[in-house]
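Please look over the sequence and the structure shown here before reading on.

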Amino acid sequence: MDPIAATHALAWLAVASLLLLSAIFGRRSKRQVNLPPGPKPWPIIGNLNLIGPLPHRSIHQLAQRYGPIMHLRFGSFPVTVASSLEMSKAFLKTHDVALADRPKPASGKYTNYNFKNITWSDYGPYWRQIRKICLMELFSAKRMSSYEHIRKEEMLALMNNLYTSCTRDKQQPIVIKDRISTLSLNVISRMVVGKKYMVDTEDAIISPDDFKRMLDELFILSGVYNIGDSIPWLDFLDLQGYVKRMKKLGVKLDNFLEHVMNEHTERRQRLKEKFVASDMMDVLLEFADNPDLEVKLGRDNIKAFTQDLLAGGTESPSVLGEWVLTEILRKPEIFKSATEELDRVVGKERWVEENDIQNLPYVRAIVRELMRLHPVAPMLVPRLAREDIKVAGYDILKGTRILVNTATIQKDPKLWDNPNDFCPERFIGKSIDVKGCDYELLPFGAGRRICPGYPLGLVLVESSLANLLHGFDWKLPPNTKPQDLDMEEVFGLSTPKKIPLEVVIEPRLPAHLYNI
Ligand code: HEM
């Protein structure tokens, strides 16, 4: 055989052997992988055709059909969904570390400094370090109580603002989400960046309305199903225009955060050794100067971290505030029971203090019921498998996206009687809590990625609800009936009401209490 023919023969032999080997091993590995049940995927799009504009609703429907552990395909990526108490425990407790990464959506790249915030950063030394700063420095009991005066002042400012509106024109409907989000935005801004940067003055860097619009856009874009995240080779087309919006928003957010950071750095330099950290950004800047830090904190890290805190702290409490009032307006007997408790425990001569909450079991039960029926993040924030694992005999392979379908679990008729009814009484006398130990109720998630801001989130929701109910009688505008109230949601990283709630209110307490 001449040398050329021999080379050809060898090449063919190599190719044939490779094909044979891959057929043998490919078939064997396919046979060995036992994926959870799920709908058959289409080429290219996978199961995206089954996901509607409210993905948690679509996934709820699919879970009814395929069961507590389900396998889907979003474009090129495998997705596993947990939809029962047992599965949420297996995912978030038994396999917490194996499932502790996050996917890398375009929103994390363009609006969160290339995944440098807490939410989108992977499990690892950087994430561990910033979580530790959160727990030890920002949300510790000591730090939380040192900021109590801020929460108190802003709460009174809200009561005063509502009082002024309703005494000026008794029948004028008020859009309540705007007012509650102003409270949470003001509280969180003062705690995180030291003052209310978002004010309605001429020299302000941004107005509160513009800032809230930026946050709304951030939450929507962080939750959207961007085609490029599932089918990467179509990414460059930006078919839905989301990436363009993300880039635009990223620039706006950065302009704001640059301004805030420059002011903080300038104050530190000016005060030199007299400088004392007075807000969370100051604390972060001190950490950035610490040479012993395991992973150095740079400028983008501090901006990303600050943005996470401002966004997480503002959006969730206001989304919940609007939902709870909607539910109470549909069932006035809840308002009656709550105000009876408030009048008995607190009395009509003062506002509710944070340490009263432990003595208000009915108000606390309303908040738990609210978080059960209206989870802010109905499938938590997606996680990503860091290694191959087995759950209930099924394989979850490294790189699979993980959704914990708390919306379905929190309405599971096996766990809850009349699950679609808003009924705070179900929590009276029950020890079930929201802090990540009871896997049937996980409004803040559980395990290593549990919401680090939950001490603040919970106190804001509980005390604002208690004071709103204590301070005012709540009614629907004339000609609106409780049964006409719209209950539709918008899906993003949070799920606000689609149509803003309008209310008519009347003061319940003596006039002097509303004065600032
Ligand atoms: C009632 C209010 C709040 C609710 C319902 C809420 C809910 C959640 C949920 C469900 C998650 C995802 C957990 C998971 O993936 O398992 C989360 C994560 C997070 N939340 Fe909250 N949150 C609230 C308030 C706050 C506040 C006040 C802050 C900060 C000031 C905050 C900052 C964060 C951050 C940074 C993460 C990402 C954690 C990580 O990936 O390691 N949240 N939150």
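This is a predicted model: local features need pLDDT of at least 70, side-chain atom pairs count only at pLDDT 80 or more; totals for chains, interfaces and linings use all residues.

Residues are numbered from 1 along each chain as its sequence is written.

**Around the ligand**

A residue is taken as near a molecule or strand if its C-beta atom, placed from the backbone, lies within 6 Å of it. Of the 26 residues around the ligand, those that come nearest are Gly312, Gly445, Cys451, Gly453 and Gly457. The shell divides into 16 nonpolar, seven polar and three charged residues, where Ala, Val, Leu, Ile, Met, Phe, Trp, Tyr, Cys and Pro count as nonpolar, Asp, Glu, Lys and Arg as charged, and the others, Gly among them, as polar. Helices (H or I, at least four residues) and strands (E, at least two) are DSSP runs, numbered from the N terminus. Both α13 (299-330) and α17 (454-471) supply at least two residues of this shell, and α13 gives the most, with seven residues.

A residue is buried if 20 or more other C-beta atoms lie within 10 Å of its own, exposed if 12 or fewer, and partly exposed in between, with C-beta atoms placed from the backbone. In α5, Trp127, Ile130, Ile133 and Leu138 are buried. These residues cover an arc of only 125 degrees around the axis, which puts them on the same side of α5; the arc is that of the directions from the helix axis to the C-beta atoms. Pro125, Lys132, Leu135 and Met136, on the other side of α5, are exposed. The cover over the buried residues of α5 includes α6 (141-146), α12 (280-288) and α13, where contact means C-beta atoms, placed from the backbone, within 7 Å.

In α15, 10 of the 13 residues are buried, so this helix is largely enclosed by the rest of the structure. Its buried residues, among them Val363, Arg364 and Met371, pack against α13, α14 (332-345) and α17.

**Strands**

Two strands pair if DSSP finds at least two bridges between them. Three strands form an open sheet in the order β3-β9-β8, with antiparallel pairing. Its edge strands, β3 (174-175) and β8 (472-475), each pair on one side only. Two bridges link β3 to β9 (residues 502-507), and valine 175 has glutamate 502 in β9 as its bridge partner.

Elsewhere, β2 (residues 77-82) runs parallel to β7, joined by four bridges, and alanine 82 stands opposite valine 404. Strand β4 (residues 383-384) pairs with β7 in the antiparallel sense over two bridges, with leucine 384 and arginine 401 as bridge partners. Strand β7 (residues 401-404) is covered on both faces, with Arg401 and Leu403 buried on one side and Ile402 and Val404 buried on the other.

**Two loop residues**

Tyrosine 113, in the loop between α4 (106-110) and α5, has a positive phi of about 50 degrees although it is not a glycine, and it counts as buried with 24 C-beta neighbours inside 10 Å. Lysine 272, in the loop between α11 (242-271) and α12, is likewise not a glycine and has a positive phi of about 45 degrees, but lysine 272 is exposed, with 7 other C-beta atoms within 10 Å.

Key: Two residues are in contact if their C-beta atoms, placed from the backbone, lie within 7 Å.
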